[in-house]
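Subject: Structure handover

Hello,

Here is the structure I said I would pass on. Please look through it before you read my notes.

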Amino acid sequence: MDMVIGIDIGGTHFRIGHVNEAGTILGFEKYAIADIVQSDTISDIERAVSLYIDRYELRPTVRALAIGVPS
């Protein structure tokens, strides 16, 4: 089953979740942005996303990522 990961990178929180083809939310996590970003913003976010994908065993099923950032 194909999955889509949604990521919201806010000023105070980092939210990540995944949905199936029907749009059903199958997982969601929320962290303080300070807990995710320690030194190198891009690498730290990449690590958080990779850990999430591995935690839910999504690697073979992820078809897309949607990312929202403050502007």
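This is a predicted model: local features need pLDDT of at least 70, side-chain atom pairs count only at pLDDT 80 or more; totals for chains, interfaces and linings use all residues.

Residues are numbered from 1 along each chain as its sequence is written, and side-chain values use heavy atoms, with hydrogens and water left out.

Strands

Helices (H or I, at least four residues) and strands (E, at least two) are runs assigned by DSSP and numbered from the N terminus. Two strands count as paired if DSSP finds at least two bridges between them.

Strand 1 covers residues 3–9 and strand 2 covers residues 13–19; they run antiparallel and are joined by six bridges. Three residues separate the two strands, which form a hairpin. As an example of the pairing, Val-4 has Val-19 in strand 2 as its bridge partner.

Strand 2 also pairs with strand 3 (residues 25–32), again in the antiparallel sense, over seven bridges.

Asn-20 is in the loop between strand 2 and strand 3. Is Asn-20 buried or exposed? Asn-20 counts as buried because its relative accessibility is 14% (buried means under 20% relative accessible area, exposed over 50%, and partly exposed in between, with a 1.4 Å probe and protein chains only). The side chain of Asn-20 reaches the backbone nitrogen of Thr-24 at 3.0 Å. This is a polar contact, meaning a pair of N or O atoms within 3.5 Å; within protein, one must be able to donate a hydrogen and the other to accept it, and residues adjacent in sequence count only if both atoms are side-chain atoms.

Salt bridges

Side chains of opposite charge can pair when their charged atoms come close. A salt bridge here is a side-chain nitrogen of Lys or Arg within 4 Å of a carboxyl oxygen of Asp or Glu. The structure holds five salt bridges, including the ones below.

- Asp-8 and Arg-15 meet through their side chains, at 3.1 Å from N to O. Asp-8 is partly exposed, at 32% relative accessible area, and Arg-15 is also partly exposed, at 27%.
- Glu-29 and Arg-55 have their closest N and O atoms 2.9 Å apart. This pair links distant parts of the chain, since Glu-29 is in strand 3 and Arg-55 is in helix 2, 26 residues apart. Glu-29 is buried, with a relative accessible area of 12%, whereas Arg-55 is partly exposed at 47%.
- Asp-44 and Arg-47 have their closest N and O atoms 3.2 Å apart. Both residues lie in helix 2, three residues apart, which is about one turn of the helix. Asp-44 is buried, at 4% relative accessible area, and Arg-47 is partly exposed, at 42%.

The aromatic pair

How many aromatic pairs does the structure hold? It holds one. The ring centres of Tyr-52 and Tyr-56 are 4.7 Å apart and their planes are at 45 degrees, so the pair is tilted. For this term, rings of Phe, Tyr and Trp (its six-membered ring) pair if their centres lie within 6.5 Å; planes under 30 degrees apart count as stacked, over 60 as edge-to-face, and the rest as tilted. Tyr-52 is buried, at 0% relative accessibility, whereas Tyr-56 is partly exposed, at 30%.

Other residues

Most residues other than glycine have a negative phi. Glu-57 has a positive phi, near 55 degrees. Glu-57 is in the loop between helix 2 (41–55) and strand 4, and it is exposed, with a relative accessible area of 66%.

Ala-32 lies in strand 3 and is partly exposed, with a relative accessible area of 31%. The C-alpha atoms of Ala-32 and Arg-59 are separated by 24 Å, and these residues are 27 apart along the chain.

Regards
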